[in-house]
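Colleague: I've got a model open on my screen and would like to learn how to read it. Could you walk me through it, feature by feature?

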Amino acid sequence: MENKKEEKLRRWKQVTRYLDVAYSYALAKRMETPRTNPVLGYRPGGSKAEFETGEMLAAEMRAIGLEVTKDAFTLDGWDFHHARLTYKEEDGTPHTVELGGYQVQFDTKGPRPYTIIHGGHGTAEELDKLDVRGKLVLVVMDQRRDWWINYPAYQAWLRGAAAVIAVQSSGYGEVDEGTLNAQNICGPSQAVAFSMSQRDMQAMANCLGLAFGQCADVTLDALSTVMPNVQSYNIVGKIPGKDPDEMVLVSAHYDSYFDGFQDDNTAISMMLGMARALKMAGYQPRKTLVFCALAAEEWGVIDSRYDWSTGAYNQIFRIHPEWVGHVVADINLELPAFAHGRQHQVRSVYELERFLAAQIRALPKEVAGMYPEGVAVLSPLQTWSDDFSMAIGGVPSLVNTFFEHSSFMASHYHSQYDNDEMYDEQAYRFHHLFYTWLLLAFDQAALPPLDFAPRLEALEASLTSQKLSPRTEGEWHKKLAQARKRADKLAKLVRQVNRGQLELDEEQRAALRMRLLQIFRFCQDKFVRLDWYETAIFPHENTQANLNALHTAAWQLAAGMGQQALDTLCTIDDNYYANAFDTQVVDYFAKMAREQPAERLMWGAGRLQERLALRGLLLAVKAQAGSKKPDYSGEIEQIQQLKKQQRDLLKEIVKQETEDLAQLGRMLKDTLEEYAPAEPAV
């Protein structure tokens, strides 16, 4: 009789024999045809090009044999048709360069003369020295390490500039000096920005004698249209399962910058390649398998700090909130036709860590060996892709990692070099095989394979402050230990059911599934917060980090280390920007991130906890550091007061975490009492 391991391997081989990487590659290339910009590409959310691509994908899903629906939602759309800057060479010959675009409203209505001025890095201090009114401001920046495009763009707009022309010095687009870059704007559509390559900037600067503060005459012809409140569609294809009440979701996004071959054409086409193989193999799923082509991942909301992942957020929070409690997992796919390192990494919610590790250990050797250093699991999810929106909505999610250890992000990402020249067929084949393996594993699991202990372990390790009272910290650890003990017992129960060692009837199994997913959503609501760089953290971590930074800055000032203290203070909340831009600029974006309606903040709503606005302190430290005999006593006293405020805040946050841990413990206890088999009498 076939055992479970043999059955699992047989089922996977039955499906994967129909996986056709050539099919997926060809579909990815077909997706490049609809475009808003005839030269550069672009398929932004809400545009005609995105709509046409969605229609093509819906037709492909039907051809595969999926049940197809189009889920409509409202977003702010963008159509970038062109931006071309022309200057005259020494002999009078015009030279025209293509510019990349950001989500802004700007129409020159044909070629229009402008003055361009070199604005350095675009900081307030630099622009204070210049008259930029009505001009194009050339800004050289490292958007990955310096600041996002919205800060210099808005700073220049407040000074009356017509637009910023941004050149990436490094960080993004490093593959070639001719690289253009595009990102989400995170700002108002009237603060206009375009991107120029290093090569074009150097040629123009050399020809026109452009150095900091110098001006030249150019012509700009641009059409970039932001379209408030238009409609877009998430395209959904289904393979009905034996149990229509349960679903496994596979997702990827179909909007893009430039050609978007890796990001995210190959993910969409791989997803449909998996669906096609399942249909061709005649696989009858236990759960309904849902393949979701998500719109507007790159951008979809005007003037929001959290302006990406719009399609995914709408899908789970607005279009199908009833999916919560029924979708047991989301496998989100990003940039899968590139290796991204010697080790493949899966980033997931904490609750799937151990299940994924077990699936990796069980991988067929021919797949496990396709990466020299194997496959690993990372947690938690971060905000860079659609899986985060799905997870906080209540769907346990994972994504193939593409960010942390990948050279692609600095070199090719969001540029015209995201094309099939970087296609890695073996990596693409691995992704097809591995994520089909996971899809089948989720489908065959009787219960969502959730284990809450890893989240609690990470939470315990994250509290490192020595500023809490023994009573406060002791109660926190007590409630956490209780919850963790119960989490281990519940994880054992789930494993027993999934291994067939414990029988539940269908009604019990459905109720327990709903309970597990309810607890998962509770953890997302209570224990997932964001810092000022959109990193997912536990609630106490931001305050704890601020308190540590204040303590460090105080002793640095006491030691006369003014510049070091300034650098330390700039790590607190958004004060890195406060050190470079006007208060009006920094306060605008802080308010935009915290005080807008939840429907415009989407997945960031309520997750950014605090803000220490330190511009006055930074200026005071700067002034003292520039004097012959600096006296930091006043600044140290101010920091001591801030430390007291942060200690009080940390105490309140930890007390709230303690209450939430107690409630989590009760939820786990109630679940165990209802579903765990009774302990044998001694």
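**Reading the model**

Modeller: Let's begin with Cys186, which is found in the loop between strand E7 (163–168) and strand E8 (193–196). Helices (H or I, at least four residues) and strands (E, at least two) are DSSP runs, numbered from the N terminus. Cys186 has a positive phi of about 55° although it is not a glycine. Before we go on, the ground rules: this is a predicted model, where local features need pLDDT of at least 70 and side-chain atom pairs count only at pLDDT 80 or more, while totals for chains, interfaces and linings use all residues. Residues are numbered from 1 along each chain as its sequence is written, and side-chain values use heavy atoms, with hydrogens and water left out.

Colleague: Is Cys186 buried or exposed?

Modeller: Buried means under 20% relative accessible area, exposed over 50%, and partly exposed in between (1.4 Å probe, protein chains only). Cys186 has 7% relative accessibility, so it counts as buried.

Colleague: What about omega? Where are the cis peptide bonds you'd point me to?

Modeller: Look at Ser379 to Pro380, where the peptide bond is cis with omega near 0°. Pro380 sits in the loop between strand E14 (375–378) and helix H11 (386–392). Another cis peptide bond joins Asp263 and Asp264, with omega about 20°; Asp264 is found in helix H7.

Colleague: Back to cysteines. How many disulfides does the structure hold?

Modeller: A disulfide is a pair of cysteine sulfur atoms within 2.5 Å. The structure holds 0 of them. Take Cys215: it is in no disulfide, and the nearest cysteine sulfur, that of Cys207, is 16 Å away. Cys215 counts as partly exposed, because its relative accessibility is 38%. Cys292, by contrast, counts as buried, at 0%.

Colleague: How do I read a helix? What should I look for in H3?

Modeller: An α-helix has 3.6 residues a turn, so residues three or four places apart point the same way. Helix H3 (residues 48–64) has 17 residues and reaches 24 Å from its first C-alpha to its last. That is close to the 24 Å expected at 1.5 Å a residue (1.5 Å times one less than the number of residues). Buried residues of H3 include Ala49, Thr53, Met56, Leu57, Glu60 and Ile64.

Colleague: What do the buried residues of H3 pack against?

Modeller: Contact means heavy atoms within 4.5 Å. The partners are helix H2 (21–30), strand E1 (67–88), strand E9 (215–239), helix H7 (261–280) and strand E11 (287–294). After H3 comes Gly65, whose phi is positive, near 110°.

Colleague: And strands? Which ones does E12 pair with?

Modeller: Two strands pair if DSSP finds at least two bridges between them. Strand E10 (residues 243–253) and E12 pair in the parallel sense over 5 bridges, with Ala329 of E12 as the bridge partner of Val248. E12 also runs parallel to strand E15 (residues 397–400), joined by 3 bridges; there, Ile331 has Leu398 of E15 as its bridge partner. Strand E12 (residues 327–332) is mostly covered, with 6 of its 6 residues buried.

Colleague: Let me try a single residue. What is Val218 in contact with, beyond its sequence neighbours?

Modeller: Val218 is found in strand E9. Leaving aside neighbours within four places in sequence, its contacts include Leu85, Tyr87, Pro113, Ile116 and Leu136. Val218 is buried, with a relative accessible area of 4%.

Colleague: Zooming out, how does the whole chain look?

Modeller: The protein chain has 23 helices and 17 strands. Of its 682 residues, 60% count as buried. Among contacts with a separation of 6 or more, 83% are between residues 24 or more positions apart. Along its principal axes, the C-alpha trace spans about 85 × 65 × 45 Å.
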